[in-house]
Amino acid sequence: MKIDGIDKIIIKRLVKDARTPVLSIAREVGISGAAIHQRLRKLEKSELIDGYKMIINPKSLGYTTTAFVGVFLDSSSQYSSAIKRLKDIPEVVESHYTTGNYAIFIKILCKNNEDLMHLLNKDIQNIKGVSRTETFISLDQQIDRQINI
């Protein structure tokens with residue numbers, strides 16, 4: 001999809017703060033608010049804009065442990081059923097089907113290391129088809145951004 005300089009400004013402002021008023025962006029680029037809305041609809045229709053969301057700070061809810069877990073499966077045929085079970089675990093916030101050693105790579109948020117250990121031992125490792133897991137605890141996240149336009 002082709003985007004021009006005005007589209008780039010609109011996107012950059014809304015990625016920085018999705019609550020930026022349309023009229024504020026319109027004044028910045030020198031076009032009407034209606035024109036900004038039309039451009040946003042065009043960008044949404046093209047699927048360049050995938051949606052708008054509020055981001056919750058998990059630490060404010062007591063989730064202080066972030067872990068990445070590589071999940072080994074007995075067989076790739078068990079992928080769908082394993083994913084179905086992982087979707088039932090609220091602490092699993094991301095899941096990726098990967099190449100390499102792991103069939104599935106997941107991101108987990110837990111209140112603490114004890115909760116993580118319980119989740120791994122009682123929930124994830126008891127999923128039919130999961131042969132073992134390998135866990136990496138995140139000590140700090142330095143980068144969290146959208147792709148640059």
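Modeller: Two strands pair if DSSP finds at least two bridges between them. Helices (H or I, at least four residues) and strands (E, at least two) are DSSP runs, numbered from the N terminus. The model is predicted: local features need pLDDT of at least 70, side-chain atom pairs count only at pLDDT 80 or more, and totals for chains, interfaces and linings use all residues. Residues are numbered from 1 along each chain as its sequence is written, and side-chain values use heavy atoms, with hydrogens and water left out.

Biologist: What makes β1 and β3 a pair?

Modeller: DSSP must find at least two bridges; β1 (residues 65-73) and β3 (residues 104-110) have 7, in the antiparallel sense. Val-69, for example, has Ile-106 in β3 as its bridge partner.

Biologist: In what order do the 4 strands stand in the open sheet?

Modeller: The order is β2-β3-β1-β4, with antiparallel pairing. β2 (92-97) and β4 (130-138) each have a single partner strand, so one side of each lacks a neighbour in the sheet.

Biologist: Why is the contact of Asp-7 and Arg-39 called a salt bridge?

Modeller: The term requires a side-chain nitrogen of Lys or Arg within 4 Å of a carboxyl oxygen of Asp or Glu. Here the N to O distance is 2.8 Å, so the pair qualifies. Asp-7 lies in helix α1 (residues 5-16) and Arg-39 in helix α3 (residues 33-45), so parts 32 residues apart in sequence are tied together.

Biologist: Is Asp-7 buried or exposed, and how do you know?

Modeller: Buried means under 20% relative accessible area, exposed over 50%, partly exposed in between (1.4 Å probe, protein chains only). Asp-7 has 1%, so Asp-7 is buried. Lys-42, at 37%, counts as partly exposed.
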